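Dear colleague,

Here is the structure I promised to pass on to you. Please have it open while you read the notes below.

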Amino acid sequence: MLKIGCHLSVSGGFLNMARTALEIDANTFQFFTRNPRGGKAKALDEKDIAAFIEFTREHNISGFVAHAPYTLNICSDKAHIRQFALETFEDDLNRLEHIPGCMYNFHPGSHVGQGLEEGIDLIAAALNQLLTSELSTIALLETMSGKGSEIGGRFEDLRTIIDRVTHQDKLGVCLDTCHIYDAGYDIVNDLDGVLTEFDRVVGLSKLKAIHLNDSKNPLGARKDRHETIGNGHIGLDAFRQIVNHPALRDLPFILETPNELSGYAEEIMLLRGMYQE
Ligand code: FE
Ligand code: FE
Ligand code: ZN
């Protein structure tokens, strides 16, 4: 069965979020750990979490992804910005220990002129502080479009980060279809070739989740503007191939398309209809 869902708001609590997922026929989903613009996370409500765990088990909802605030930059050129990102990531990881099976997705960051090497060094150093052997959560580096000085626009960036991390079993990758298309990986005409390249450089065993987004921009545009499924430059045929590809078909697929809930429900129905059981 296709594991598919979308980005949801956790502001009404965890149980409420899982109920919303069920309503739109999602069996996985993603949420922000806190307001993406920063700020303090709400205290976890133990009863809500317990009810959430029971509800999601009962309805086979799994493969949750918690998304770190995208404004954090763990490899900033400013020490206080790096420190703030580190403290936020650490607090998020501590909280996620209470939510079994939830992965932690984050943007590698932007080197803001320090250079790729320095940026990668800073990211790896931070991950070596954050990822301990006791941690049950797996952190996911997201593939990026490579806009500005963003790190993660090349599969090689991710490989180099992983190579420098001690507890590599706590680190995986989330592949965003809009981002890699914008970064120049042609998943429309050569999905097999792109996935072979990913396997050669990073390793498909590292791939833990997919962000399923169409792109408002053409191949290699380095823009990162998501479009609804089938209405962008990636297009429906490519999404049919993506959800059915043997290397991807069992992973959780998360929609981050510009939609209200009803739009997400339609996209989930559309993609379920394309999936070959
Ligand atoms: Fe993201
Ligand atoms: Fe994404
Ligand atoms: Zn994006």
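In what follows, contact means that heavy atoms lie within 4.5 Å. This is a predicted model, in which local features need pLDDT of at least 70 and side-chain atom pairs count only at pLDDT 80 or more, while totals for chains, interfaces and linings use all residues. Residues are numbered from 1 along each chain as its sequence is written, and side-chain values use heavy atoms, with hydrogens and water left out.

Leaving aside neighbours within four places in sequence, Phe29 is in contact with Cys6, Leu8, Met17, Ala18, Ala21, Phe52, Ile61, Gly63, Phe64, Val65 and Ile254. Phe29 is also among the residues with the most contacts inside the largest nonpolar core, which has 81 residues; such a core is a set of buried Ala, Val, Leu, Ile, Met, Phe, Trp, Tyr and Cys residues joined through side-chain atoms within 4.5 Å, where buried means under 20% relative accessible area, exposed over 50% and partly exposed in between (1.4 Å probe, protein chains only).

Three bridges join E2 to strand E3 (residues 65-67), and the two run parallel, with Ala66 in E3 as the bridge partner of Phe31.

As for the cysteines, the structure holds zero disulfides (pairs of cysteine sulfur atoms within 2.5 Å). The sulfur of Cys75 is 18 Å from the closest cysteine sulfur, in Cys174, which is too far for a bond.

With best wishes

Technical notes. Chains are lettered from A and ligands numbered from 1 in the order in which they are written. Two strands pair if DSSP finds at least two bridges between them. Helices (H or I, at least four residues) and strands (E, at least two) are DSSP runs, numbered from the N terminus.
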